[in-house]
Amino acid sequence: MRELALKKFWEERDAKFGELGGAQCVESFADAESEYKAIRNSAGLCDFSFMRIVEFPESDGIDYLDTALAANILKLRYGRIIDTFLCDENGKITAEVFVANIDDKVFAFTESLTDSAEILGKGGNAKDATKDYAIFSVDGPKAWEVARDIFGSDIFNLPYLAIEKYDFEGDCAYLMRNGKTGEFGYSFVVPSTKADAMAQKLCQAVENAGGSLCGTKAHAVARLESGFFNIYKEGALVGDPIALGLQWMADFSKDSFSGSEAVYKMREEGAKAKITAVEGAGVEKGAVLYDGDKKIGEVITATNSVSLGDNIGLALMDSEYAYPSLELSTVPGGEVNARTVTRPMTVSESLIKGMQQ
């Protein structure tokens, strides 16, 4: 397992560690519920250095990545980000990839089930830059205040899925607006030599915004509520991008990409089952869902939602039942204790409050 570079820094702040895709991560601090509330009400700081990073020269990287990834990378403009996925030869998703074009470079930031840096590093003059950078995610309705405090008011010009470079203590740092919690979200990417300095500044800025440190556990709950894909949860358990509803991440007019033959076949045949959001007291991982006496699905990931006051999750449902408003039971012919719902399941504070100065 690849150890987190700032492990000692977070240990001193009572971090509890876990693992994501073969890399160590900060799973939580003292109170995961408070961390979740920080994301929803102010700002939460999470070390995202478990992500793998591949760096390419812009002249080679775009063409090469277009052959490997599902989206049309040839359309990627300077200063922009494309959210897409990498598949194995069987069409199963192995990584979610944010491809960013900035400063004559192309970066592939990956949340991965495998060593995506090794897979994507086979062409395009690729360099595994995972150890060269640290990544910090700040999410919440006041996350913009944190980004402003670090890099100045220029951050207000940054739209969603965009990247910009800034000076940080004499080195080049990058700010990406690519949050996945439904709130304002920014990724701070700095050279590893400046990781400690950035972490300290972010801790102070998040505190000033009324927020707190945050682990991946609370981050994942907010991600689930807001309808964002999680490679480590439903991605790992289902794999099929069509059943997962990730067609928007792909360009099906492309001739090919990694695993495209299998993906195109899945799309042509249609998914027999699809991911659907569910809510209710009976929503627990592994719970079987019934419409009357008929088995129609199974809960594959579940958690408790602080804001909704109920269990929420994702179920793999027979396609003909994969729509919201169904009342279901976890026993044949039993009382209703689960229902299918629309996503996002919550209304983000960021949409309500905006960037209030």
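D14 is located in the loop that connects α1 (7–11) and β1 (16–20), where helices (H or I, at least four residues) and strands (E, at least two) are DSSP runs numbered from the N terminus. The model is predicted, so that local features need pLDDT of at least 70 and side-chain atom pairs count only at pLDDT 80 or more, whereas totals for chains, interfaces and linings use all residues. Residues are numbered from 1 along each chain as its sequence is written, and side-chain values use heavy atoms, with hydrogens and water left out.

Although D14 is not a glycine, its phi is positive, at about 70 degrees. With a relative accessibility of 55%, D14 counts as exposed, the classes being buried (under 20% relative accessible area), exposed (over 50%) and partly exposed in between, for a 1.4 Å probe and protein chains only. A positive phi, of about 55 degrees, is also found at L161, likewise not a glycine; L161 belongs to the loop between α5 (143–151) and β10 (162–168). A cis peptide bond, with omega of about 0 degrees, links R343 to P344, and P344 is part of the loop between β19 (338–341) and α10 (349–353).

Helix α2 spans residues 32–41, and its buried residues are E35, Y36, A38, I39 and R40. The N-terminal end of α2 is capped by D31, a side-chain oxygen of which lies 3.0 Å from the backbone nitrogen of E33.

An open sheet of mixed pairing is built from six strands in the order β10-β11-β12-β9-β3-β13; two strands pair if DSSP finds at least two bridges between them. The edge positions are taken by β10 and β13 (212–213), each of which has a single partner strand, so one side of each is left without a neighbour in the sheet. Helix α6 (residues 195–208) packs on this sheet, where it touches β3 (44–47), β9 (133–139), β10, β12 (185–191) and β13, contact being defined as heavy atoms within 4.5 Å. The direction of α6 makes about 10 degrees with that of β9; axes are lines fitted to C-alpha atoms, for helices over the stretch in contact, and angles run from 0 to 180 degrees between N-to-C directions.

Seven bridges connect β10 with β11 (residues 171–177) in the antiparallel sense, and E164 has L175 in β11 as its bridge partner. Strand β9 pairs antiparallel with β12 over seven bridges, among them that of A134 with V190 in β12. β9 also runs antiparallel to β3, to which four bridges join it; here D47 stands opposite F136. Seven of the seven residues of β9 are buried, with Y133, I135, S137 and D139 on one face and A134, F136 and V138 on the other.

The structure contains one cavity of 30 Å³ or more. On a 1 Å grid over the protein atoms alone, a cavity is a set of points where a 1.4 Å probe fits but cannot get out, and lining residues have an atom within 4 Å of a point. Grid points are joined across faces, edges and corners, and a volume is the space filled by probe spheres set on the points. The largest cavity holds about 100 Å³ of space. Its lining comprises 14 residues, with F48, S137, N178, K180 and S187 nearest the centre. At least two lining residues come from each of β9, β12 and α7 (216–225), and β12 gives the most, with three.

How values were computed
Polar contact = N/O pair within 3.5 Å; in protein donor to acceptor, adjacent residues only side chain to side chain. 1 Å grid on protein atoms, 1.4 Å probe; cavity = no way out; pocket = protein on both sides within 12 Å on 5 of 7 lines; lining within 4 Å.
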